[in-house]
Amino acid sequence: MRTLVLGRTPARVTAVLATLHADGFDAEGVSTDEEALKLLATEEFGVLIIGGGVGPGSRAAIKEFAAEHRVRHVIDGALSEPFDVYVRREFEPRIRRAAAGTDVL
């Protein structure tokens, strides 16, 4: 299931993507709302990860938009170090459940 990662800190987005890609997940990452909305509009993403740095107003608007564009699951996350361990423990199981249809928005 294709995953979109939205985070305000590009280095953290890159770290999340590196772990997801290393573990075989199809994921793309962005740092702005505009980029996220453009990609979500393609309706190619089933999971959206929103980083802790995304403010409440942006978070709510993006979640609403995502629900209207075939995103099945939104994960709210604020990374803790080491990032790879956090991604594997918190994000990857939820992406797998969303792909299996057992965890939806």
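Reply: Strands count as paired if DSSP finds at least two bridges between them, while the elements themselves are DSSP runs, numbered from the N terminus, with helices (H or I) of at least four residues and strands (E) of at least two. This is a predicted model, in which local features need pLDDT of at least 70 and side-chain atom pairs count only at pLDDT 80 or more, whereas totals for chains, interfaces and linings use all residues. Residues are numbered from 1 along each chain as its sequence is written, and side-chain values use heavy atoms, with hydrogens and water left out.

Me: With which strand does β3 pair over 5 bridges?

Reply: That partner is β4 (residues 73-77), again in the parallel sense; I49 stands opposite I75 of β4, and I50 stands opposite D76.

Me: In what order do the strands of the sheet lie, and which of them stand at the edges?

Reply: The sheet is open and has 4 strands in the order β2-β1-β3-β4, paired in parallel. β2 (27-30) and β4 are the edge strands, each with a single partner, so one side of each has no neighbour in the sheet. Neighbouring strands are turned by 20° against each other on average, direction ignored, where axes are lines fitted to C-alpha atoms (for helices over the stretch in contact) and angles run from 0 to 180 degrees between N-to-C directions.

Me: Which strands does helix α2 touch, and which does helix α4 touch?

Reply: Contact means heavy atoms within 4.5 Å. Helix α2 (residues 33-40) packs on the sheet and touches β1, β2 and β3, its direction making about 170° with that of β1. Helix α4 (residues 83-100) also packs on the sheet, where it touches β1, β3 and β4, and its direction makes about 170° with that of β4.

Me: Is strand β3 mostly covered or uncovered?

Reply: A residue is buried under 20% relative accessible area, exposed over 50% and partly exposed in between (1.4 Å probe, protein chains only). Strand β3 (residues 47-51) is mostly covered, with 5 of its 5 residues buried: V47, I49 and G51 point one way, and L48 and I50 the other. Of the 105 residues of the chain, 40% count as buried.
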